[in-house]
Amino acid sequence: MIIGNKAFDTENDCYIMGILNVTPDSFSDGGKFNNPDAALFHAEEMISEGAAIIDIGGESTRPGYTRISDEEEIERTAPIIEAVKARFDVPVSIDTYKSRVARSAVAAGADLINDIWGLKADSEMGRVIAESKVACCLMHNRDNTDYTNFREDYLEDTRECLRLAAKAQIPGDKIILDPGVGFGKDLGMNLEVIARLGEFKALGYPVLLGTSRKSVIGLTLDLPKDQRVEGTLVTTVMAVLAGCSFVRVHDIKENKRAIDMTMAIKNAGK
């Protein structure tokens, strides 16, 4: 898979997408990196520790978040995308579900559009992705947890994302799927998603797992968000063993070591 000017071996490796929130209110690190100098410093730190993609977000999507205007989100993200692309040779992702923000991000240099609503929130998003020829990550999401049969329904929801992508003529080799841990799911559902990653991967696309510091870890271990590294590492190991191609995380160094160790064991018997 090609993202930006980089080739990713999504069949045999697992890569880190580093989280760079340029927001004042992100659930885990709100306000820490929402100025250009801090954002660039953190991007450099993540790259040095092993991040292969930098995912830039300008609107918090934590539970109960407040939606901001397209203009404000563009003002937050576009300059940071330009600065990261100018300084570092790394693919950059924009974390947005809004087509106007995505279009501005691509103009600023973004190589991937990470849509937490899987093309379902904005009818123009599919066209923006197809026309820009960038890669995309389509996440499973719902605004409720009212499933008839969770396992079947969430896979069918994802197939609907793929139908929208096909309708927009987004090439299959530009698509990554995200099972959406923490979105439209309760604790048991989130754990089941992680346990059944192989079924999600069987949809036939590279899979990205995003669990870093999320409530599934906090609730399971009864820990605050600043003490969830070990729990995140377990989910990263599960992702590697299930054949996921990407993990989206805050703590790069620790997760990179977990991936490398798991990969060494996984490949030892081949």
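Is Phe 8 buried or exposed in this predicted model? With a relative accessible area of 6%, Phe 8 is buried. The close-up views below begin with this residue.

**View 1. Phe 8 and Tyr 15 form an edge-to-face aromatic pair.** The structure holds six aromatic pairs. In the pair shown here, the ring centres of Phe 8 and Tyr 15 lie 4.8 Å apart, and the ring planes stand at 80°. An angle over 60 degrees counts as edge-to-face, so this pair is described in that way. Tyr 15 has a relative accessible area of 16% and is buried, as is Phe 8 with its value of 6%.

**View 2. Tyr 15 also pairs with Phe 246.** The centres of these two rings are 5.9 Å apart, with 35° between the planes, and the pair is tilted.

**View 3. A cluster of aromatic rings is linked by ring pairs.** The members of this cluster are Tyr 147, Phe 150, Tyr 154 and Phe 200.

**View 4. Helices H3 and H4 are roughly parallel to each other.** Helix H3 comprises residues 99-108, and helix H4 comprises residues 125-132. Their axes come within 9 Å and cross at roughly 15°. Angles under 35 degrees count as roughly parallel, and the two helices are therefore described as such. The crossing of H3 past H4 is right-handed. On the H3 side, the contact is made by Ser 99, Ala 102, Arg 103 and Val 106. On the H4 side, the partners are Met 125, Arg 127, Val 128, Glu 131 and Ser 132. By class, the residues of this contact comprise four nonpolar, two polar and three charged.

**View 5. Asp 70 is a buried residue of helix H2.** Helix H2 runs over residues 70-87 and includes Asp 70. The relative accessibility of Asp 70 is 16%, so this residue counts as buried. When residues up to four places away in sequence are not counted, Asp 70 touches Lys 98, Arg 100 and Val 101.

**View 6. Leu 223 is partly exposed in a loop.** The loop that holds Leu 223 lies between helix H8 (215-221) and helix H9 (229-242). The relative accessible area of Leu 223 is 25%, and the residue is partly exposed. Leaving aside residues up to four places away in sequence, Leu 223 touches Gly 218 and Arg 228. How far apart in space are Leu 223 and Gly 243, C-alpha to C-alpha? The distance is 28 Å, and the two residues are 20 residues apart in sequence.

Note on methods:
Residues are numbered from 1 along each chain as its sequence is written. This is a predicted model: local features need pLDDT of at least 70, side-chain atom pairs count only at pLDDT 80 or more; totals for chains, interfaces and linings use all residues. Side-chain values use heavy atoms; hydrogens and water are left out. Axes are lines fitted to C-alpha atoms, for helices over the stretch in contact, and angles run from 0 to 180 degrees between N-to-C directions. Helices (H or I, at least four residues) and strands (E, at least two) are DSSP runs, numbered from the N terminus. Angles under 35 degrees count as roughly parallel, over 145 as roughly antiparallel, 65 to 115 as roughly perpendicular and the rest as oblique. A crossing is left-handed if the near helix is turned anticlockwise from the far one by less than a right angle, and right-handed if clockwise. Contact means heavy atoms within 4.5 Å. Ala, Val, Leu, Ile, Met, Phe, Trp, Tyr, Cys and Pro count as nonpolar, Asp, Glu, Lys and Arg as charged, and the others, Gly among them, as polar. Rings of Phe, Tyr and Trp (its six-membered ring) pair if their centres lie within 6.5 Å; planes under 30 degrees apart count as stacked, over 60 as edge-to-face and the rest as tilted. Buried means under 20% relative accessible area, exposed over 50%, partly exposed in between (1.4 Å probe, protein chains only).
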